[in-house]
Structures are given as C-alpha cells and as structure tokens.
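Subject: Structure handover: the domain interface

Hi,

Here is the structure I promised to pass on. My notes on the contact between its domains follow.

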Amino acid sequence: MKKTFFTALLLSLGGVVFSQSSDELQLKAIYQSALTKGQGYQWLDYLSNQIGHRLSGSDNAEKAVQYTKAQLETLGLDRVFLQEVMVPKWVRGAKETAYIKDGKNKIEVPICALGGSIATPKKGLLAPVIEVHSIKELESLGTDLKGKIVFYNRPMEAEYIETFNAYGHCVDQRSSGAREAAKYGAVGTIVRSMNLRLDDFPHTGNQSYGDLPQAQWIPTAAISTNGAELLSKKLKENPQLQFYFKQSCEQMADVLSYNVVGELKGSEAPENIMVVGGHLDSWDLADGSHDDGAGVVQSMEALRILKQLNFKPKNTIRVVLFMNEENGNRGGKKYAELAQTNKENHVFALESDSGGFSPRGFSFECNEEEFAKFSSWKGLFEPYLIHSFVKGHSGTDIGPLASKHIVKAGLKPDSQRYFDYHHAANDTFDAINKRELELGAATMASLLYLMDQKGL
C-alpha cells in the first residue's frame, strides 16, 4: 500500500517538475522538424553548386530567382509572387593581377577589384605606393598623395569579441577610401581585406565614389591579409618601391530583377504582416553560401517548418528573398516602397545575414518595453544554447521598412569565423555545417511563432 502511494506521489511530483508549457512544446516541435525533416541544406546545395554566385544583374541571379520561387511553390503557401526591382549590373571581367615591384624583383600578390570600381588602364597601373592606416591620416598627407597608389592597411581589431564591431571600425577604408584618396590626386587605392586571419584570399565588397565627378574616379582593389603584411614589410625596407595592378571591371546599365515573396495568410489579423528574409544576391568570387545563401534558405525553411506543423498564424507571415543587398540594397528599398504604396502594416521583420553558423541569439531594434517582452522569452531558447538577446542592428534589407509600429530583429549566429569567408572565394558550400544551418532556421521559426502568438 505504501509503495503504491509513494509511486503515485513521485509520479505526481514528476508531472509538476517536468511538465512543459505549450510554448516549450511548440519550440521543441520546431527544432525537431528542422533537424530531422529540414530542406534548407539541400536548397543551399543547389543554389551554391548548381547555380553558383548570384551577383545582381547576372544570369545566375535570375536563375536563383526562378529556383527559389519554384521551391516556395512546393510548400503549399497561400501566395508566392515576384516583385520587380531595377538593379545595378557590375561585371568583374578577367581575373585581376598585381605585384610589388622592388627594384628588378616582382612579387605577385592576390587582389580583387572592389564592387563598383572602374578598371585600370588596359596595360595596368604602375605607381609609387604610400601606406596609410585611416582616412584621417590620408587627409594629413594631402598633396603628397598625387600620382601615388594609396595602400589602406588598417586591420580588423582582434580585441573585439563581437567581430562585427571590428568590421565596423575599419570598413570605411573600403567603402570610401577611393573617393577620399582621389580628392588628393591619387591614381588608385589598395585596401587590406576585411578579415581577422592571415590568408591569401582577397575579400571584395562594395565601394562608392559618392558625388565625386566621374572624371576623378580611380580604380580600387582589395589585397589579401598576407599580401598586405608583405607589402607593408617591403615598404619599410624600401619606401620607393612601386605597385602594379590590372583589372578590367565595368559598370553597365541597370537591369530588371526581382524580390521573391512567399506568404502564409493570417487567420485573425491578416492585415498585420510579419517578414522573415535574407538576400538572394551574392558577390561573384564564390557561391555566397554564408553570405547570404544561408539566410535565404533559413528564411524559406522557417515557413516550411510552420506549414509542416500545421501552424495557423494569427498574422500574415511573409518570407522575402531580397535582391541586391550587396551593392545597392535596391531590393530592400523597393520592398519598403511598395509596402508604403500599398498601405501595408508591417508589425515585425526578422533577417538572417550573418552566416550559417551556430545561432546565439537575436539583435533587436525596439524600445525598452518591447525589449523587456522579448527578453521574457529568453528562457524558452536557453535549452538550445540561445542566450544572447541584445539591442542593436537588425539587418540591411529590412532597414528601410517603416510602419506605424514595427519592431525588427536580426539572427545572431556565432561570428568568430564569419569574416574568414565574408566576400571571399572560400565562401562555398563546403564551409557550411548542416546542423548549424538547421539550428538557425529553427531559431528563426521559433521567434516568428512567439511574436505571432504573443505579440508586443
């Protein structure tokens, strides 16, 4: 009799201790679906290995539009459609070449043209080179730069644990370095790659001449971190050495492209729209598996999971695959413009554009009261080692979105390895870990579920 009583008591206590809330059970089902039935890895395999790089305006970008639209149509969503957007078309041309000319010695170094750069003269550009570590230092040199190639050599600062902070503190030399150097008569610029490790991969990225007259534009390229170290060392030994580089890139007329949109209609408040997305375009040195193929398939997968679990959202949930984030953000701007024209009410937007590594949390653009509500959900994510909830930047593509009341979030994966691959030739499918990719998709689907059911 006693044994039966104590067994019943333990079972009862066990029910109290181990009972799970409906939210915990829903998140468990979401993660289980992602890890056992996920399709994102296969989608990314096709995008990366069958289509390849997806630079805006390219044939591959168009193939990616058609492929992802077709895949979304297989998920049984309520609507799948394309949004027209005019995008820039910049073509890299033949592979770039460069060398350090030290007396009679020529030492080849890896470079790549920066997006939007003009070409060098057909025979290349050979000139004396001067090293600087900031645009402020450049300004102090003034006319001493005339006829020279400016070499920007400010490394990403290793002491930042959050590597995006390190990136933010040195990327100005890439984005506006050519424009600023041209004002002082420089004939070209070479920029140290935005990369925390030493390797032989030059990292491209967008740059802008701003309002500088076209006649003053100068060619600009990125040099690998190993190449930058070598050039700096050689300059200390011989300040009179010269640098040669040749590139044949070209800016062409804008072309028509598309954002890809899929939608689950809301059952209670269909006029309220929640967006999840990433950018479909990539740079052309590789297939862009981390930047941002991962974000694209994670966003698609988030809707697949909710649909597969027969989840009926209260609000309308859209997946948006934005075109042209890398060199213009035309897709994000067009989506926001159309949302305003159509008087759409967006209440939430979530973006994945930080690579397919293990998810660590979210970055929120919201007020303190809203952040407190998001933080109250943190315990639901901790069993999955998702514990970093911070206020900060959400994403470039969702940045232009503005409604009467909207909050935005960005998925925060572990960032320590991201800049090893960012905008470089090694950003390929073999750098993707299937499980990490799937965990990211589940984390996004979970936040969409909570936001839809509990709101702010």
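A salt bridge here means a side-chain nitrogen of Lys or Arg within 4 Å of a carboxyl oxygen of Asp or Glu. Arg197 and Asp420 meet that rule through their side chains, at 3.8 Å, N to O. Keep in mind that this is a predicted model.

How much area is buried between domain 1 and domain 2? The figure is about 1,600 Å². Carbon and sulfur atoms give 59% of that area. On the domain 1 side, Trp90, Phe419 and Asp420 stand out: they supply 37% of the area that domain 1 buries against domain 2, more than any other three residues.

In contact terms, 18 residues of domain 1 touch 23 residues of domain 2.

Next, the polar side. The rule finds 2 salt bridges across the interface. Residue pairs in polar contact between the domains number 6, both partners at pLDDT 80 or more. Helix α14, residues 418-421, gives the largest share of the domain 1 side that touches domain 2, with 4 residues. By type, the residues of that side divide into 8 nonpolar, 7 polar and 3 charged.

Best wishes

Methods: Residues are numbered from 1 along each chain as its sequence is written. This is a predicted model: local features need pLDDT of at least 70, side-chain atom pairs count only at pLDDT 80 or more; totals for chains, interfaces and linings use all residues. Side-chain values use heavy atoms; hydrogens and water are left out. Contact means heavy atoms within 4.5 Å. Buried area is the accessible area (1.4 Å probe) that two parts lose on being put together, summed over both. A polar contact is a pair of N or O atoms within 3.5 Å; within protein, one must be able to donate a hydrogen and the other to accept it, and residues adjacent in sequence count only if both atoms are side-chain atoms. Helices (H or I, at least four residues) and strands (E, at least two) are DSSP runs, numbered from the N terminus. Ala, Val, Leu, Ile, Met, Phe, Trp, Tyr, Cys and Pro count as nonpolar, Asp, Glu, Lys and Arg as charged, and the others, Gly among them, as polar.
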